[in-house]
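Subject: Structure handover and notes

Hello,

Here is the structure for your files, with notes on what was found in it. Please read the notes with the model open beside them.

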Amino acid sequence: MTNLAAKIGQYQITNRTMDKIKILWADDEIDLLKPHVMFLEEKGYQVTTANNGDDALDHIQRENYDIVFLDENMPGLTGLETLARVKVSHPSLPVIMITKSEEESIMEDAIGSKISDYLIKPVNPKQILLSIKKNLDTKRLVGEKTNSNYQQEFRQIGMTLGDRLDMEEWVDIYKKLIYWELELEESGDEGMFDILKMQKSEANSQFCRFVEDNYLNWLNGVGDDIPLMSHTLFRKKVAPEIGGDGPLFMVLIDNLRLDQWKVLEPVIEEFFRVEEEEAFYSILPTATQYARNSIFAGLLPSEIEKRYPKLWKNDEDEGGKNLHEEAFLEGQLRLLGKSGIKFSYNKITTHQNGRKLADNMRNLMTNDLNVIVYNFVDMLSHARTEMEVIRELADDESAYRSLTLSWFKNSPLFDIMREIAQMKGRVVLTTDHGTVRVKEPSKVIGDRNTNTNLRYKQGRNLQYNNREVFEVGRPSDAFLPRTNVSTKFIFAKEDSFFAYPNNYNHYVNYYRDTFQHGGISLEEMIIPVVKLSSR
């Protein structure tokens with residue numbers, strides 16, 4: 001943490017020189033408000049006055065103002081009439097309405113005309129100053145406070161990373177990093193945001209060591225500190241909710257990171273209450289064919305292969321790898337003593353399928369359990385890799401989150417969730433794994449049977465740098481299928497991705513800064529499971 005501490009020690013919040021804020025104040029009794037005007041001028045504001053609506057509009061046409069104070073009850077053009085004309089010519093100009101009247105109809109008219117604030121006379125100078133700061137300085141003040149608070153939290157996180165953390169403490173650290181990432185993103189301070197990215201990178205490095213040291217013990221039941229994982233998720237978080245008050249929906253959004261959930265949460269909370277929010281650990285590989293099959297089967301991959309030899313498909317096998325989730329789910333329900341329940345399984349991979357399901361929701365309300373697998377975020381991740389236009393729309397983490405939010409608001413899934421809430425359904429919302437933005441290539445050599453995933457490889461003749469990977473020499477230790485006696489698995493760590501020496505530069509340039517999954521990182525492994533009840 002030495003370099004990080006030095007970097008934040010050098011960081012200074014600098015106030016850039018700004019032009020004076022220009023205020024227009026229109027009131028037919030403006031002479032009586034001279035003490036207020038003088039107060040604002042002493043605070044460094046430039047104030048222009050007018051005593052009627054027509055003069056105010058003339059000033060606005062000739063000069064650029066940052067904010068307007070407008071008396072509601074002026075002779076000639078009223079305040080509301082002046083406001084209406086201001087909004088036509090300058091729709092984004094903040095207008096503060098000031099009035100002696102407390103009539104509700106006047107307040108509603110003003111608010112409906114998109115005023116920025118509403119003050120009742122007599123006003124004092126401190127009220128005026130607060131309104132200015134609220135409307136013009138909020139972003140700066142919030143940004144400065146956010147940066148100051150993160151600097152304090154930075155030191156605490158740094159000290160915590162120096163401890164031997166358990167699996168719950170790693171979840172807490174990751175949640176804190178996500179919180180500050182979203183907060184600093186709003187502040188717009190690139191210097192402090194860069195410091196956060198460095199701290200997150202340091203956390204990811206140590207998290208990978210933590211996983212290397214503990215992962216095999218978790219799977220083999222060694223020790224008391226075993227997290228909730230893919231193969232125990234349904235049994236512990238979904239099955240106990242079956243048979244409660246109203247139908248239960250399990251909504252699994254493929255490839256949904258914890259930070260993406262946090263930007264979707266405010267929208268979902270418009271019609272659901274978050275009863276419980278937790279995080280669980282995806283198994284390795286953090287890839288759909290392993291993690292999602294494990295969730296629905298309630299088994300680890302090698303156990304699925306043993307129990308369902310005709311249904312399980314390995315990397316080198318032809319055909320889809322997630323075609324039998326409904327059969328796996330049915331098998332798990334039988335093992336849990338719930339074979340008699342009525343359930344449905346719905347996998348959505350196209351907008352048309354989503355719309356069809358949204359139109360059919362009422363027919364699902366008689367089921368005890370309805371499972372909905374929605375694949376859009378995973379498709380977005382792949383599209384961003386393959387389509388230049390998507391890469392431009394989601395060229396960084398922030399834009400990737402924004403694109404996810406925009407999709408959700410306009411997707412059939414939004415309508416599905418709203419319909420569930422209206423019918424008083426309950427939801428367990430979750431995912432199968434996350435994804436990480438890869439940056440550093442790691443050279444690997446394999447034979448023609450080696451799988452193509454950029455974050456994990458399995459095969460017989462793999463050559464790689466041992467220090468750059470988590471190696472599982474015996475797949476059975478990690479409950480992974482073994483297709484050959486010399487098969488091994490390797491997993492990329494942090495933000496690295498596997499690249500072949502052939503055509504190396506082209507390959508690296510093509511895949512660098514894309515979102516991938518399959519390996520070990522906070523983003524891929526620590527993922528959300530949320531219990532929702534309708535409002």
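Two strands are said to pair if DSSP finds at least two bridges between them. Helices (H or I, at least four residues) and strands (E, at least two) are themselves DSSP runs, numbered from the N terminus. On that basis, strand β12 (residues 440–445) and β17 pair in the parallel sense over 4 bridges.

This is a predicted model, in which local features need pLDDT of at least 70 and side-chain atom pairs count only at pLDDT 80 or more, while totals for chains, interfaces and linings use all residues. Residues are numbered from 1 along each chain as its sequence is written, and side-chain values use heavy atoms, with hydrogens and water left out.

Overall

The protein chain has 20 helices and 19 strands. Its C-alpha atoms fill a box of roughly 95 × 60 × 45 Å along the principal axes. Of its 535 residues, 53% count as buried, where buried means under 20% relative accessible area, exposed over 50% and partly exposed in between (1.4 Å probe, protein chains only). Contact means heavy atoms within 4.5 Å. Among contacts between residues at least 6 apart in sequence, 74% join residues at least 24 apart.

Sheets

β12 and β17 belong to an open sheet of 3 strands with mixed pairing, in the order β14-β12-β17. β14 (463–464) and β17 (496–499) are the edge strands, each pairing on one side only. Ser442 stands opposite Phe498 in β17. Helix α19 (residues 504–511) lies across β12 and β17, at about 145° to β17. Such angles run from 0 to 180 degrees between N-to-C directions, and the axes are lines fitted to C-alpha atoms, for helices over the stretch in contact.

Another open sheet has 6 strands in the order β7-β19-β10-β6-β9-β8, again with mixed pairing. β7 and β8 (343–348) are at its edges with a single partner strand each, so one side of each has no neighbour in the sheet. Neighbouring strands here are turned by 15° against each other on average, direction ignored. β7 and strand β19 (residues 526–534) pair in the antiparallel sense over 9 bridges, and Leu532 in β19 is the bridge partner of Val274. Helix α9 (residues 230–238) packs on this sheet, touching β6 (248–253), β7, β9 (369–374), β10 (426–430) and β19, with its direction at about 150° to that of β7. Helix α11 lies across β6, β8 and β9, running at about 165° to β6.

β13 and strand β16 (residues 488–492) form an antiparallel pair over 4 bridges. In a regular strand the side chains alternate between the two faces of the sheet. In strand β13 (residues 456–459), Tyr456 and Gln458 point one way and Lys457 and Gly459 the other, and all are buried. Lys457 stands opposite Ile490 in β16.

Cores

A nonpolar core is a set of buried Ala, Val, Leu, Ile, Met, Phe, Trp, Tyr and Cys residues joined through side-chain atoms within 4.5 Å. The largest has 109 residues, of which Trp170, Phe207, Tyr215, Tyr281 and Met417 touch the most other members. Helix α8 (residues 190–219) gives the most to this core, with 12 residues. A second, separate core of 19 residues includes Trp25, Tyr45, Phe69 and Leu129.

Aromatic pairs

Rings of Phe, Tyr and Trp (its six-membered ring) pair if their centres lie within 6.5 Å; planes under 30 degrees apart count as stacked, over 60 as edge-to-face and the rest as tilted. The count by this rule is 29 aromatic pairs. The rings of Phe207 and Tyr281 have centres 6.3 Å apart and planes at 35°, so this pair is tilted. Because Phe207 lies in helix α8 and Tyr281 in strand β7 (residues 272–281), the pair ties together parts that are 74 residues apart in sequence. Phe207 is buried at a relative accessible area of 0%, and Tyr281 is buried at 1%. Tyr290 and Phe489 form an edge-to-face pair, with 6.4 Å centre to centre and 85° between the planes. Tyr290 is in helix α11 (residues 288–297) and Phe489 in strand β16, 199 residues apart. Both Tyr290 and Phe489 are buried. Ring pairs also link Trp170, Phe207, Phe210, Tyr215, Trp218 and Tyr281 into a cluster.

Regards
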